[in-house]
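Hi,

Here is the structure I promised to pass on to you. Please open it first, and then read my notes beside it.

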Amino acid sequence: MRVEEVKKSERKKGRYLVKLEDGDILRVTEEELLRFGLRAGMALGEDEMEALRASAKASETKAKAADMIGSRALSKQELTRRLVKKGSGEADAQAAADWLEDIGAINDAGYAAALARHYGGKGYGPARVKEELRHRGVNRELWDGALEEMPEPEEILDQLIQKKCRGGLSDPKDKKRISGMLLRRGFSWDDIKSAMNRYTEMTEDEY
């Protein structure tokens, strides 16, 4: 395969466009440019062409991965899934995620802790936070450490009940409404029951 033209990309810094005689255009980095000695007029054998295409795809996946985490924080598994969804191969996606983890651009432990603080601060309980961590592909081994970053469930529950209640909790309908809301937010029934008892005792002391 003959290389017809090699030129710098006007859109992506550090990228080069390699036009082949069959009309195909490969987007490569300077690393590929030097490694394969790419220049206009050179001929590439079948094995060289296959290696160049594979290297170009891997580099393109790395560039996509860097752009993705530059826009928002992601777990390693989330990033890999998104890359595959965007058309990258499984191996290239995993390699790109590994590369970003190696250079410290991805840190699942820090990401999990940040999620726990965020959802805990919004009034969600441990079960809901665990579900969010699972959904985002965070390894289970990191869950306990992340949950330690949350406020204590008792603290969150006391604030939520005081905010949602207007008076006591003597009406069974009110108890059912509040307990249902708190269960959906990811708190255990035992913690909810204790918090409701604390609220009842506090309101009774006011009278």
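Below is what I found in it.

This is a predicted model, where local features need pLDDT of at least 70, side-chain atom pairs count only at pLDDT 80 or more, and totals for chains, interfaces and linings use all residues. Residues are numbered from 1 along each chain as its sequence is written, and side-chain values use heavy atoms, leaving out hydrogens and water.

Let's start with the overall picture. The protein chain has ten helices and three strands; these are DSSP runs numbered from the N terminus (helices: H or I, at least four residues; strands: E, at least two). The C-alpha atoms fill a box of roughly 90 × 25 × 25 Å along the principal axes. Of the 207 residues, 38% count as buried (buried is under 20% relative accessible area, exposed over 50%, partly exposed in between, with a 1.4 Å probe and protein chains only).

Next, the salt bridges (a side-chain nitrogen of Lys or Arg within 4 Å of a carboxyl oxygen of Asp or Glu). The structure holds eleven of them. Lys12 pairs with Asp67, with the closest N and O atoms 3.2 Å apart. This pair links distant parts of the chain, since Lys12 lies in the loop between strand 1 and strand 2, and Asp67 in helix 2, 55 residues apart. Lys12 is partly exposed at 44%, and Asp67 is partly exposed at 42%.

Arg136 has a salt bridge with Glu78 at 3.8 Å between the closest N and O atoms, and another with Glu132 at 2.8 Å. Arg136 is buried at 12%, Glu78 is buried at 7%, and Glu132 is buried at 14%.

Enjoy exploring!
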